[in-house]
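This briefing goes through selected features of one chain, grouped by topic. Please keep the model open while reading.

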Amino acid sequence: MHKSSLGILAASLLGTAMFFAAPMGASAQPAANAAVQVKADEIGGVVTGTKGPEAGVWVIAETRDLPTKYVKIVVTDDQGRYLIPGLPKANYDVFVRGYGLIDSPRTKTALGKTVNLKSVAAPTEAAAAQYYPAIYWYSMVKVPAANLFPGTGATGNGMPVSLKDQGMWLRYMKTDSCNSCHQIGDKATRELEPQLGHFETSQAAWERRLQSGQASALMMNGIGNFDTSRALANLADWTDRVKKGELPFAKPSRPTGMERNVIVTEWDWSTPQTYLHDEISTDRRNPTVNAHGLIYGSPEESSDFIPWLDPVDNKSGLIKSEWRDPKTPTTKTSPQYAESPYWGSEAVWDSHTVIHNPWMDDKGRLWLTARIRPANEEPAFCKAGSNNPSARAFPLSRSGRQLEVYDPQTKKATPIDLCFGTHHLQLDKNGVMWFSSGNSNDEVVGWFDTKKWDATHDESASQGWAPFVVDTNANGKLDDGYAGLKDPVDPKKDKHVQVGFYGASPSPADGTVWGSYLGFPGGVARFDPKTKLTEFYEVPYKDPKNPHSGFSPRGMDIDSNGVVWAALASGHMASFDRRLCKGPLNGPVAATGKACPEGWKLYTIPGPQFRGIQVTDGSAEAPYYDWVDQFDTLGLGKNVPIATGNESDALFALVDAKWVTMRVPYPMGYFAKGMDGRIDDASAGWKGKGIFSTYSDRSAAHIEGGKGQTSKVVHFQVRPNPLAD
């Protein structure tokens, strides 16, 4: 067992992160050699090591005296000074963690104390490496050489013929397979659990590992997306080399500059058997809604109970979601190919509603994409013969997940039936909810008018959907008789295309709705609610006119100017600005996705890359999602895009084309699938705002500390300097 492991906020990984000294108002930096002034609700002091003050290390305060476990983390300044402000009344364990160190002994203290701490240098490189983020270990995995592609099958190079490029392998190695659900490279995954049993080879052990528990079908399908035997062999080789003592070829750097100003607060919530997909704290259109109020989560396949956190009183609890049809299936019966190393044969997940994402409206109500019935039990108003205008134009017969709304005032959850599938959701300025389906093969985009539903409670009248149709004939309108999905492009007809939204974000600039679509190279699509026409734009891959080569978006968001930001499996953050387009955006070229390559810009995310990669300059990072801080709720500026650093125990903020890394060092394993920002008190400066995220992948037992850990709520704030209170 290793000691607690790794660090928060900021390190520029492998020296690739660039830092920026953002203006933070009139606050001055603390005077050199000034003593740390500690108030009644604070803990402060100086951290020193064998060579003097320890700069850029984390000081962690943890307590179990409150209704839920509470942790607050800060970074030392260049003189080793630290100040942890705004702590609730309790007794705390305080300790030091940092790169090049092992954890210091825990010091017990009450509030209002000066606590000087001694760091402990790592006795070996191996001991130091236990605190590195997962990306440093995962990048050690060997990836097939570019010259093995394209695959020619069993009689050729053995690579599946479907894998035509090294980039396609990386897509599955990262965002669209393993890393979409949990972090790879943490201690739980770079070592093979003894509970799996004895195997002749590590490759066989890896195959058995993927057959474990209620996620076994998903994991086996994931590894089946690419050359299974070669992927298992590469993973086995990796864990064998780690077991023999091989260490990461790159090392993380300590936080510097702005990154030392980040404060991270954590609360435990929910249960050890569940996991959280996402959270919501406010209405993103007005982040002052629900000030100081409860945070809500989405438990997806793990539970029907929605967790809540009160960040003021430090309490947490659960709300039961509802479904309409008693025949609604449960994940408890999901096939388990083999026992879990953590839970044995126990089916710990039990969810009917499979709540994926939450959203909040201006009334403080919670909207959730939730399953309320079996997928094939579509209501009559969805089908052919219905009077619903959307059904008359494009009838539907199946949807896997629908909608639910929870009103905190009445404490009532109400299921709402929808004809189309739901995954992520967002409200536009008119109160219309827009949805992604999560599936690039989906044929329609769907919406729900919350104001109409409030007035009528008529499910059919409040919803609509439309197929993704491109204006191929360039007449500016949606025509009857458009070419179908399997039909060739006809310059005289519009064309139906499959660009099902994975993310979905209404543009504040013009009311259009944008989404990312999965695939290789994948891209972003734009739906115009007025014309019902779609545009889609592929990510530039191996484009000689673009200095970067990217592929395969997953999450996305949009800024207040209508610029789309997408996290790519290639290890980039990408922006697409339609205002930069020079050529026509309709006509036959529009049906190819090749229009407007000039609209794209790609930014390499911090972190090492796998060795031997020839198809991209991205990192080994695999962001699940990104979010744009339209209202400066964090303090880094308006319209700052922030990506989840799912391999890096971090969030990455892109400020003026430079990265600020916000690391969560304790416990190691931070894995967020989303975030939102809230302003609790606009007059309180940095103290009155910040962004919230969840901390949980599909296995809470992978978090540092192992079985018994729960998912967490994480709050990020940026103060003017490392000693500001």
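W447 has a relative accessible area of 16% and is therefore buried, the cut-off being under 20%. The model is a predicted one.

- W447 forms a tilted ring pair with W434, because the centres are 5.2 Å apart and the planes stand at 45 degrees.
- W434 has a relative accessibility of 4% and so counts as buried.
- Strands β22 and β23 are antiparallel and pair over four bridges.
- Across this pairing, M433 stands opposite F448 in β23.
- Side chains of β22 point two ways: V432 and W434 one way, M433 and F435 the other. These four residues are all buried.
- Strand β21 (residues 425–427) runs antiparallel to β22 and is joined to β22 by three bridges.
- W434 in β22 is the bridge partner of Q426.
- The hairpin of β21 and β22 has four residues between its strands, and G431 in this hairpin takes a positive phi near 85 degrees.

**Other aromatic and charge–ring contacts**

- The count of aromatic pairs comes to 36.
- One of them is the pair of F95 and Y666, which is edge-to-face, with 5.3 Å centre to centre and 85 degrees between the planes.
- This pair links distant parts of the chain, 571 residues apart: F95 lies in strand β6 (residues 92–97), and Y666 lies in the loop between β38 (658–663) and β39 (675–679).
- Both F95 and Y666 are buried.
- W58, Y99, Y132 and Y136 form a cluster linked by ring pairs.
- R611 is placed over the face of F249, 4.0 Å from the ring centre.
- K673 has its charged end over the ring of Y624, at 4.5 Å from the ring centre.

**The open sheet β31 to β34**

- An open sheet is made of four strands in the order β31-β32-β33-β34, with antiparallel pairing.
- The edges are β31 (553–558) and β34 (600–604); each has a single partner strand, so one side of each has no neighbour in the sheet.
- From one strand to the next the twist averages 20 degrees.
- Within the sheet, β32 (residues 564–568) and β33 (residues 572–576) pair in the antiparallel sense over five bridges.
- A567 faces M573 in β33.

- Q166 is a residue of helix α3 (residues 166–173).
- At a relative accessibility of 1%, Q166 counts as buried.
- A polar atom of the Q166 side chain lies 3.1 Å from the backbone nitrogen of Q614.
- Leaving out residues up to four places away in sequence, Q166 touches V143, P144, A145, A146 and F149, and also G612, I613, Q614 and V615.
- In helix α5 (residues 202–210), the buried residues are S202, A205, W206, R208, R209 and L210.

- V38 lies in the segment before β1 (43–49).
- With 23% relative accessibility, V38 counts as partly exposed.
- Apart from neighbours within four places in sequence, V38 is in contact with I43, G44, L83, G112, K113 and T114.
- V38 and D725 are 687 residues apart along the chain, yet their C-alpha atoms are separated by 9.3 Å.

Note on methods:
Residues are numbered from 1 along each chain as its sequence is written. This is a predicted model: local features need pLDDT of at least 70, side-chain atom pairs count only at pLDDT 80 or more; totals for chains, interfaces and linings use all residues. Side-chain values use heavy atoms; hydrogens and water are left out. Buried means under 20% relative accessible area, exposed over 50%, partly exposed in between (1.4 Å probe, protein chains only). Helices (H or I, at least four residues) and strands (E, at least two) are DSSP runs, numbered from the N terminus. A polar contact is a pair of N or O atoms within 3.5 Å; within protein, one must be able to donate a hydrogen and the other to accept it, and residues adjacent in sequence count only if both atoms are side-chain atoms. Contact means heavy atoms within 4.5 Å. Two strands pair if DSSP finds at least two bridges between them. Axes are lines fitted to C-alpha atoms, for helices over the stretch in contact, and angles run from 0 to 180 degrees between N-to-C directions. Rings of Phe, Tyr and Trp (its six-membered ring) pair if their centres lie within 6.5 Å; planes under 30 degrees apart count as stacked, over 60 as edge-to-face and the rest as tilted. A charge sits over a ring if NZ of Lys or CZ of Arg is within 6 Å of the ring centre and within 35 degrees of the ring normal.
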